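Me: I have a model open and want to talk through its side-chain packing. Can you go through it with me?

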Amino acid sequence: MPVFLVGSLIRFDRDQYTWKSDSSQMLRTGLLRWGSNLFHVGILFLFFGHLVGLLAPHAFYAHFMEASVKQRIAIYAGGVAGVLCFVGLSMLIYRRIFDERIRYTSHKTDLAILLILWVQLVVGLITLPLSWAHSDGSVMLILADWAQRILTLRAVDSAALAGLPWPYLFHVVFGMTIFLLFPFSRLVHVWSGFASVGYLFRPYQVVRSRRLGVPGRTPSNRQKSI
């Protein structure tokens, strides 16, 4: 987590011109429209689903929802979002590899990050049948306890994690690896998506006409015209 947060801050401070997603839309649209939309819809749903599902304390929802019910909701919703994300991400990877024009203008890290996300997504989908087999919510509680301990910098229960099937452990380790690579890859542009919420509260810009002798439409002029 320190690398994820401090590394992002240092990159913003020192290398702002590299803070971008390096879009290839101008080279060729093709699969980009469908692939990008499906991928971003799916990944955003999965991100916030994991965020709420893992970090919400059990005592918070235990009064109105059992852990087993919450886990089944996560399986259904995560399965749909995961399939959408898988289709979109596969289209983006196919485009990066087999479109010669885009492949020559892509950085090696661009394709590497896409492949890492693809592997993480596939392993996450593999865990869905396993979660259904343990639909009592016990596995979800173990993973939620692990995530909350990581966030609050407490020691994790390694014995409980060791008893989980390998797809869960792989998914956990690979997920933390993605956070570690985040500040050094194109993934850092995700911060800009959250920062764009600030535009909703930014004051309006005053636009003045470039034509000679025509005053700009300032608030005072609008009041006079009324």
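Me: Which residues does L89 touch?
Reply: Leaving out residues up to four places away in sequence, L89 touches F39, L114, L117, W118 and L121, where contact means heavy atoms within 4.5 Å. This is a predicted model, in which local features need pLDDT of at least 70 and side-chain atom pairs count only at pLDDT 80 or more, while totals for chains, interfaces and linings use all residues. Residues are numbered from 1 along each chain as its sequence is written, and side-chain values use heavy atoms, with hydrogens and water left out.

Me: And which residues touch the most other members of the largest nonpolar core?
Reply: Among its 18 residues, those are F39, L89, L117 and L187; such a core is a set of buried (under 20% relative accessible area) Ala, Val, Leu, Ile, Met, Phe, Trp, Tyr and Cys residues joined through side-chain atoms within 4.5 Å. The largest share of this core, five residues, comes from α4.

Me: Switching to rings, how many aromatic pairs are there?
Reply: The whole structure holds nine, counting rings of Phe, Tyr and Trp (its six-membered ring) with centres within 6.5 Å. In one of them, F86 and W118 have ring centres 5.8 Å apart and planes at 35°, so the pair is tilted, the class left between stacked (under 30 degrees) and edge-to-face (over 60).

Me: Is F86 buried or partly exposed?
Reply: F86 is partly exposed, at 29% relative accessible area, and W118 is partly exposed too, at 30%.

Technical notes:
Buried < 20%, exposed > 50% of the residue type's maximum accessible area, 1.4 Å probe, protein only. Helix = DSSP H or I, 4+ residues; strand = E, 2+ residues; numbered from the N terminus.
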